[in-house]
Amino acid sequence: MADEELRKAFTELQQKMQMTEQRVRLADMQAESLKRSVVRSQLTDKEILLLPEGTRTYESVGRAFILTPTADVRSKLSTNVKNMEEKIVKLSEQKEYMEKSVKESEAALREMVKQRQAKA
């Protein structure tokens, strides 16, 4: 009876660990994607800065392009960069929390194995 309870708890902890590890990988992928977007936005901003004064700039809106002042385009790019950097920080905090959870689950699994071996 106790053996069945240990197995059930063991499988639950294993599943929790696997789910958490999946979430960690997903957070990594999202952070990498956001980092690429930040770099792309920063490069775009640098290129716009090099444009001569009075150059027409257009912003993509769905399938259309709207004439937008250069200053507005640059401010939107910088706002997007700030938002993406904030999301990256949040994702890294979530990742740290999830990694801590995985370590705790691993420790719990080891403890369960030790208890089981001690009983045997």
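Tyr58, Phe65 and Leu67 form a nonpolar patch on the surface. Together they have about 360 Å² of accessible area. This is a predicted model. Take Tyr58 from that patch. Tyr58 sits in strand E1, which covers residues 57–61. Is Tyr58 buried, partly exposed or exposed? Its relative accessibility is 47%, so Tyr58 counts as partly exposed. The cut-off for exposed is over 50%, and buried means under 20%.

Now go inside. Which residues make up the largest nonpolar core? There are 10 residues in all: Val24, Ala27, Ala31, Leu34, Val38, Val81, Met84, Ile88, Leu91 and Met98. H1 and helix H2 (70–119) each supply at least two of its residues. A second, separate core has 5 residues. Among them are Leu6, Leu13, Met17 and Met112.

Look at one member of the largest core, Val38. Val38 lies in helix H1, which spans residues 2–50. Why does Val38 count as buried? Its relative accessibility is 8%, and buried means under 20%, so Val38 qualifies. What does Val38 touch, leaving out residues up to four places away in sequence? Its contacts are Val81, Met84, Glu85 and Ile88.

Leu91 is another member of the largest core. With residues up to four places away in sequence again left out, Leu91 touches Ala27, Gln30, Ala31 and Leu34.

Note on methods: Residues numbered from 1 in each chain as written. Predicted model: local features only at pLDDT ≥ 70, side-chain atom pairs only at ≥ 80, totals over all residues. Heavy atoms only, no water. Helix = DSSP H or I, 4+ residues; strand = E, 2+ residues; numbered from the N terminus. Buried < 20%, exposed > 50% of the residue type's maximum accessible area, 1.4 Å probe, protein only. Contact = heavy atoms within 4.5 Å. Patch = residues over 30% accessible without salt bridge, like charges linked within 9 Å, V, L, I, M, F, W, Y side chains within 5 Å. Areas by Shrake-Rupley, 256 points an atom, 1.4 Å probe, with all protein chains shown as cover. Salt bridge = Lys/Arg side-chain N within 4 Å of Asp/Glu carboxyl O. Core = buried A, V, L, I, M, F, W, Y, C linked by side-chain atoms within 4.5 Å.
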